[in-house]
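Colleague: I am reading a structure for the first time, and I would like to understand the words used to describe it. Could we go through them one at a time?

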Amino acid sequence: MSAPAVVGIVLVSHSSMVAQSVADLARGLAAGGPVVPVAAAGGTADGGLGTSAERVVAAAHEVDRGAGVALLADLGSSVLTVKALLVEDELPPGARLLDAPFLEGAVAAVVAASAGAPLDAVAAAAEEAYTYRKA
């Protein structure tokens, strides 16, 4: 029996440590049941700061489970890299760049996807994180 289709999550950052830390936090906060595949795509191949299109593509294919891939990017060139990969059709079918804050959006996306939400609902949960008030 094959596993059910779920939304995969890719976190794209200029820093591999930031991407991995946010992925670890999101997984930890979504714990209590099965957690969807989450991949960190941060930094350059030589370990520096930057965005690697190759890492983003590999991460998206790694987490693709048939229900779409939600990508969250931290800023600037990471956003542009994901947009270019979408235009060039380099990402799995159903891949979508979410307009959401990186940390809060990642947590919301992983929680929603782990609960079995479809891509539209995962995107909505992540994007709603912009409304979280801290004061």
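Modeller: Let us begin with burial: a residue is called buried when its relative accessible area is under 20%, exposed when it is over 50%, and partly exposed in between, with a 1.4 Å probe and protein chains only. Helices (H or I, at least four residues) and strands (E, at least two) are DSSP runs, numbered from the N terminus. The model is a predicted one, in which local features need pLDDT of at least 70 and side-chain atom pairs count only at pLDDT 80 or more, whereas totals for chains, interfaces and linings use all residues. Residues are numbered from 1 along each chain as its sequence is written, and side-chain values use heavy atoms, with hydrogens and water left out.

Colleague: What makes strand S3 count as mostly covered?

Modeller: In S3, 5 of its 5 residues are buried. Val69, Leu71 and Ala73 point one way from the strand, Ala70 and Leu72 point the other way, and all are buried.

Colleague: Which strands pair with S3, and what makes them a pair?

Modeller: Two strands pair if DSSP finds at least two bridges between them. S1 and S3 are joined by 5 bridges and run parallel, and S3 and S4, which also run parallel, are joined by 3 bridges, so both sets reach the required number. Val12, for example, has Ala73 in S3 as its bridge partner, while Ala70 stands opposite Arg96 in S4.

Colleague: Why is the unit made by S3, helix H3 and S4 given a handedness?

Modeller: A crossover is right-handed if, with the strands pointing away from the viewer, the path from the first strand over the helix to the second runs clockwise. S3, H3 (residues 77-87) and S4 make a right-handed β-α-β unit.

Colleague: How do you know that the length of helix H4 agrees with its number of residues?

Modeller: The expected span of a helix is 1.5 Å times one less than its number of residues. The 13 residues of H4 (residues 102-114) should therefore span 18 Å, and the end C-alpha atoms are 18 Å apart, which agrees. After H4 comes Gly116, whose phi is positive, near 95°.

Colleague: Which residues of H4 are buried, and what do they pack against?

Modeller: Among the buried residues of H4 are Phe102, Gly105, Val107 and Val110. The buried residues of this helix pack against strand S1 (8-13), helix H1 (16-29), strand S2 (38-42), strand S3 (69-73) and helix H5 (119-128).

Colleague: What makes a group of residues a nonpolar core?

Modeller: A nonpolar core is a set of buried Ala, Val, Leu, Ile, Met, Phe, Trp, Tyr and Cys residues joined through side-chain atoms within 4.5 Å. The largest one here has 27 residues, and those with the most contacts inside it include Val7, Ile9, Ala70 and Val122. S1, H1, S3, H4 and H5 each give two or more residues to this core, and H4 gives the most, with 8 residues. A second, separate core has 16 residues, among them Val12, Val57, Ala73 and Leu85.

Colleague: What is Ala70 in contact with?

Modeller: Contact means heavy atoms within 4.5 Å. Leaving aside neighbours within four places in sequence, Ala70 is in contact with residues including Val7, Ile9, Leu98 and Leu119.

Colleague: Why is Arg27 with Asp24 called a salt bridge?

Modeller: A salt bridge is a side-chain nitrogen of Lys or Arg within 4 Å of a carboxyl oxygen of Asp or Glu. The closest N and O atoms of Arg27 and Asp24 are 3.0 Å apart, so this pair meets the cut-off. Being 3 residues apart in helix H1, the two are separated by about one helical turn.

Colleague: How many salt bridges are found in the whole structure?

Modeller: A search finds 3 salt bridges. Another of them joins Lys134 to Glu104, with the closest N and O atoms 2.6 Å apart. Lys134 lies in the segment after H5 and Glu104 in H4, so the pair ties together parts that are 30 residues apart in sequence. Arg96 forms a salt bridge with Asp120, the closest N and O atoms being 2.6 Å apart. This pair links distant parts of the chain, with Arg96 in strand S4 (residues 95-97) and Asp120 in H5, 24 residues apart.

Colleague: Are Asp120 and Arg96 buried, exposed or partly exposed?

Modeller: Asp120 has a relative accessible area of 54% and is therefore exposed, whereas Arg96, with 30%, is partly exposed.
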